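Please read the numbered points with the sequence and the model side by side.

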Amino acid sequence: MIGASSFAAPLPKLDEYVDSVELYIPKLDVYNGKTLDRERLSSILDELSTCDLETSIHAPYFADVPTYPSDLVVDTAAMDKHDFRLMEESIDLAAEIGSHAVVIHPGTYGADYEKSFNKMIANLKELAAFASDRGVVLGLENKENTAPDNLCCGAEEVVRAVLEVDSPSLGITFDVGHANLTCRGDCGLLRHFARLFAEHVVHVHVHDNYGKCKGDYFGDAHLGPGSGCIDYTVLEELSGFGGIFNLEVFSLDDVIAGRNKLDEIFP
């Protein structure tokens, strides 16, 4: 199934080209500060009901950029009760509308890597238990190795996190673009990611870049597939995966290009 993120185009337009939409909570404008605006959310869900789209959810996460709403910053290695509430609201929404997956980000670490990692694991266990009670699956996304304090950039580290949480409600969101940056554009290393992840993948993010951690967004350009250096036949390594390949790109043109590229690989 091919999807696209909600920030790529209006829902009715996406409905013409893809089978699913990833509702990107930080950019849906459904929060007033830290308070969920249920009227605004209902309006979006009403529009969604007129479309023939499956769904996934992208929960709030940690971002240190001015374009990200500061009230929705969640570092999964350092969560308080407000952070849990934000994440639980995304999980509850997924349960309400039958979403295929909820994407969550790993956290960051400071002076003590293991302490931060273990705290993230404890928090992920709580979130996975909450999700399990609601029949929801979480996908832990691999981060790009463009900042020195990102957890879960390497393939082995992401798999370690999932195995330590040890819940059927937590798998991996394989972000191919992020992995390409971590691998510095090396296709062989990217295939290593895919092979290690294969049995744990519950969701896939598809976008392109040049494998270089410099320039706008430190290289995480979220280009349309085919515009960068990624060889998307790497996705063939996920032979048992039957979920959503979500095009995490910024325009309808890139959605269309991405759909065409994926159709070449999976005719």
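1. D19 is partly exposed, because its relative accessibility is 31% and the partly exposed class lies between under 20% for buried and over 50% for exposed. Please keep in mind that the model under review is a predicted one.

2. The side chain of D19 forms a salt bridge with that of R259, at 3.4 Å from N to O. D19 sits in the loop between α1 (11-17) and β2 (20-24), whereas R259 belongs to helix α8 (residues 252-265), so this pair ties together parts that lie 240 residues apart in sequence.

3. D263 counts as partly exposed, at 34% relative accessibility.

4. Helix α3 (residues 81-97) holds R85 and E89, which are four residues apart, about one turn of the helix. Their side chains meet in a salt bridge of 3.3 Å, N to O. Is each partner buried or exposed, or in between? R85 is partly exposed, with a relative accessible area of 29%, whereas E89 is buried, with a relative accessible area of 16%. The value for E89 falls in the buried class because that class covers residues under 20%.

5. How many salt bridges does a search of the whole structure find? The search finds twelve. Beyond the pairs described above, R191, R195, D231 and E237 are linked in a network of salt bridges.

6. Attention may now turn to the strands. Eight of them close into a barrel, with parallel pairing, in the order β1-β2-β5-β6-β7-β8-β9-β10. From one strand to the next, the twist averages 30°. In general, strands of a sheet pair through backbone hydrogen bonds, either parallel or antiparallel.

7. One pairing can be followed at residue level. Strands β6 (residues 102-104) and β7 (residues 138-141) run parallel and are joined by three bridges. Within this pairing, I104 stands opposite L140 in β7.

8. A helix can also be placed against the strands. Helix α7 (residues 187-197) lies across β8 (170-175) and β9 (201-206). The helix runs at about 160° to β8.

Terms used. Residues are numbered from 1 along each chain as its sequence is written. This is a predicted model: local features need pLDDT of at least 70, side-chain atom pairs count only at pLDDT 80 or more; totals for chains, interfaces and linings use all residues. Side-chain values use heavy atoms; hydrogens and water are left out. A salt bridge is a side-chain nitrogen of Lys or Arg within 4 Å of a carboxyl oxygen of Asp or Glu. Helices (H or I, at least four residues) and strands (E, at least two) are DSSP runs, numbered from the N terminus. Buried means under 20% relative accessible area, exposed over 50%, partly exposed in between (1.4 Å probe, protein chains only). Two strands pair if DSSP finds at least two bridges between them. Axes are lines fitted to C-alpha atoms, for helices over the stretch in contact, and angles run from 0 to 180 degrees between N-to-C directions. Contact means heavy atoms within 4.5 Å.
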